[in-house]
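This report goes through a structure of two chains one part at a time. Please keep the sequence and the 3D view at hand while reading.

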Amino acid sequence: MTKSIRFNGIGITNGKVSGRIKLFGSSKRKIINSRTGSALDEKARLEIARKAAIKETKALEEKALKLLGEKEAQIFEIHGMLLEDEDFLDAVLEEIDKGKSAEEAVRQTAKSYGEMLKALDDEYLSARSADINDISAQIIRFLTGDVAENEENDTEPYILVASDLTPSETVKLETSKILGFVTFGGTPSSHTAILARAMGIPALVGTGTIGSIYDGEYALLNSEKGTLIISPTENEKREFEKEQSAYNKIAKEHEMYLRSIMKKPAVTRSGHKIMIYANIGSEQEIASAISNGAEGIGLLRSEFLYLSKDKYPSEDELFSAYRDIAIKMQGKRVVIRTLDIGADKQIPYFSLPKEENPALGYRAIRICLDRHELFKTQLRAILRASAYGRISIMLPMIISAEEIREAKSLLRDSMAELSTRGQEFDAKIELGIMIETPSAAIMSDILAKEVDFFSVGTNDLTQYTLAVDRQNPKVTHLCERNTEPVMRLIKIASEAIHHKGGWIGVCGEMAADLSLTQQFANIGIDELSVSVPYLLGVRGKVSECK
Amino acid sequence: MREFKHTIKDKNGLHARPAGMLASVAKTFESDIKVEAQGKEADGKRLLSLMSLGAKCGTELHFKINGKDEDVAEKALIEHCNTRLDGE
């Protein structure tokens with residue numbers, strides 16, 4: 001038995017899984033070696049594939065430019081230039097003339113250029129042979145018709161290993177196939193870690209580079225111990241399985257207990273009822289939210305419909321998605337947060353300029369109140385869906401009553417437009433705001449006059465109150481256990497909205513922190529909205545509260 | 001024919017991006033554009049050809065432009081070399 005390879009990292013959410021490793025962005029592809037058509041046919045196939053590759057590269061470049069900045073986008077610019085380079089093309093055509101298939105010709109050309117560049121005795125230019133390989137693989141992918149979506153369908157669940165994942169990459173993952181995450185870099189607050197927590201699956205961050213040679217290898221991921229063992233020995237496997245079954249037994253017993261209390265309303269022993277709602281980012285999560293006892297959707301991140309597209313979704317597209325969610329929730333409340341994007345959560349076709357300080361910049365409601373048509377399209381879609389269930393509108397990043405009044409005026413305009421069209425909607429649709437700026441909490445007595453409910457976004461509220469960037473690993477520890485400042489602000493908001501007869505929920509990460517549940521009950525929080533895996537735990541905790 | 005020389009100041013040499021930008025500028029002209037360096041000659045309109053020169057920081061590029069629009073091409077290429085090639 002050969003020796004196993006071990007990587008250590010920081011574990012996120014406890015769990016033990018085993019399965020094959022899939023390196024993000026890599027895939028094993030077949031090459032058709034035998035020539036099927038004439039040289040002319042092969043050249044025509046090559047041209048179609050090359051054009052498709054150029055188009056894809058342009059799209060990737062634009063996307064990378066918006067999401068990651070100019071530096072990261074350069075690689076795609078270079079790929080585009082290489083794809084259009086006539087030397088490269090001529091060499092491929094020459095190989096085809098010699099009797100090779102288009103795939104073979106591309107591979108052969110990549111090989112000879114790769115060797116030529118490597119021979120230049122220049123580290124930078126040698127590294128460009130990797131770019132030649134990339135574009136060749138890309139052309140071959142189009143030649144074989146082996147497109148990414150197709151291959152996803154037949155793969156078994158895997159442990160996803162990546163250098164790190166950007167928000168846009170995480171939104172596109174087919175999460176049902178993922179057993180666990182491993183990222184070379186990243187911190188416990190990186191996007192991958194957040195996603196792992198939301199999915200309730202184990203993850204390991206900060207392992208350092210894991211070479212592509214391990215792609216497809218069998219591995220054991222133990223996030224409790226923070227280890228990834230690649231090609232484990234029989235002994236290691238047996239040990240792992242023992243631990244795994246013991247762990248699963250405990251986890252199962254705990255879940256059985258939680259399920260037993262699932263049907264009961266979440267009420268503290270002193271009789272305070274707290275609604276347990278789910279945070280979701282897509283329609284697919286609804287089934288599991290309901291089966292985990294969600295009494296409603298406390299936060300529907302409406303960005304998903306925008307992130308998955310390459311142009312603005314139409315009112316009808318938005319409407320049908322919201323309507324389906326409303327119908328699936330069968331009259332239970334669905335709180336739709338209006339578009340919450342900004343320089344830190346980019347969508348390419350919005351063409352938002354890069355900002356020095358995106359957290360304090362042009363984002364969320366600020367964009368919506370500036371781009372009226374964009375906002376009204378979403379409002380009309382939400383309104384139309386409100387005829388099919390119980391929908392509430394929630395405005396993010398509010399700092400003043402003026403903003404709420406402006407939004408309400410646009411909401412009235414949208415209603416008038418729908419009436420003119422003769423379309424149905426809930427004219428008394430519930431309207432609320434996120435409390436995620438210190439200003440909103442401090443001014444909550446004034447803001448409460450304008451709305452039906454508050455929902456506290458603790459992630460941003462913490463970041464703005466403590467002046468701590470949550471993506472910066474050097475300072476994130478300052479947030480831990482320092483929850484009192486934020487809790488005081490929530491208390492102010494809670495008193496203000498109750499005074500006006502409204503309700504208040506918490507939908508940020510603090511809502512899932514069971515050490516805070518008692519405090520939330522104490523200050524009169526009416527609703528806790530958490531990711532699906534936390535629903536049962538929070539419900540159980542509320543019933544244990546005083 | 002027009003000729004001019006330019007010494008590379010970018011520490012990475014004539015790497016992929018500047019070479020690609022150089023090629024895309026060169027491509028806009030009808031004239032034949034050759035670039036010589038270290039005894040090798042490259043087609044100025046082709047990225048891989050330019051990269052295979054292996055030109056490093058301090059290498060002198062020798063441009064030879066020949067054709068109908070050689071005057072404008074020379075001007076544009078000098079401008080490009082001075083502003084973009086070393087600009088990063």
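In chain B, 70% of the contacts between residues at least 6 apart in sequence join residues at least 24 apart. Two residues are in contact if their C-beta atoms, placed from the backbone, lie within 7 Å. This is a predicted model, in which local features need pLDDT of at least 70 and side-chain atom pairs count only at pLDDT 80 or more, while totals for chains, interfaces and linings use all residues. Residues are numbered from 1 along each chain as its sequence is written, and chains are lettered from A and ligands numbered from 1 in the order in which they are written.

**The two chains**

Chain B has three helices and four strands, in the order β-α-β-β-α-β-α from the N terminus. Helices (H or I, at least four residues) and strands (E, at least two) are DSSP runs, numbered from the N terminus. Of the 88 residues in chain B, 41% are buried. A residue is buried if 20 or more other C-beta atoms lie within 10 Å of its own, exposed if 12 or fewer, and partly exposed in between, with C-beta atoms placed from the backbone.

Chain A has 546 residues, of which 41% count as buried. Its secondary structure comes to 21 helices and 16 strands. Among contacts in chain A with a separation of 6 or more, 67% are between residues 24 or more positions apart.

The average pLDDT of chain A is 86, and 91% of the residues score at least 70; pLDDT is the predictor's confidence in each residue, from 0 to 100. Over residues 148-154 of chain A, pLDDT stays under 50, and the model has three contacts beyond four places in sequence for this stretch.

**Where the chains meet**

The contact between the chains takes 18 residues from chain A and 14 residues from chain B. On the side of chain B that touches chain A, α1 (16-27) and α2 (47-51) of chain B each supply at least two residues. The largest share of that side, four residues, comes from α2(B). By class, the residues on this side of chain B are four nonpolar, seven polar and three charged. Here Ala, Val, Leu, Ile, Met, Phe, Trp, Tyr, Cys and Pro count as nonpolar, Asp, Glu, Lys and Arg as charged, and the others, Gly among them, as polar.

The expected span of a helix is 1.5 Å times one less than its number of residues.

| Helix | Residues | Length | Span, first to last C-alpha | Expected span |
|---|---|---|---|---|
| α14(A) | 372-385 | 14 residues | 20 Å | 20 Å |
| α3(A) | 86-97 | twelve residues | 16 Å | 16 Å |

Ten of the 14 residues of α14(A) are buried, so this helix is largely enclosed by the rest of the structure. Among the buried residues are F375(A), L379(A) and L383(A). Their cover includes α12 (315-328), β11 (333-337), α13 (365-368), β12 (390-395) and α15 (401-421) of chain A.

In α3(A), the buried residues include F88(A), V92(A) and I96(A). After α3(A) comes G99(A), with a positive phi near 110°.

**The contact of α12(A) with α14(A)**

Two packed helices are described by the angle between their axes and the distance between the axes. For α12(A) and α14(A), the angle is about 35° and the axes are 8 Å apart. Axes are lines fitted to C-alpha atoms, for helices over the stretch in contact, and angles run from 0 to 180 degrees between N-to-C directions. The residues in α12(A) that meet α14(A) include L318(A), F319(A) and Y322(A). By class, this contact has seven nonpolar, two polar and four charged residues.

G186(A) lies in the loop between β5 (178-183) and α8 (191-199) of chain A. With 25 other C-beta atoms within 10 Å, G186(A) is buried. Leaving out residues up to four places away in sequence, G186(A) touches D164(A), T192(A), A193(A), V205(A) and G206(A). Its C-alpha atom is 8.6 Å from that of L165(A), and G186(A) and L165(A) are 21 residues apart along the chain.

Most residues other than glycine have a negative phi. Q330(A), not a glycine, has a positive phi of about 45°. Q330(A) is in the loop between α12 and β11 of chain A, and counts as exposed with 9 C-beta neighbours inside 10 Å. S351(A), in the loop between β11 and α13 of chain A, has a positive phi near 50°. S351(A) is exposed, with 9 other C-beta atoms within 10 Å.
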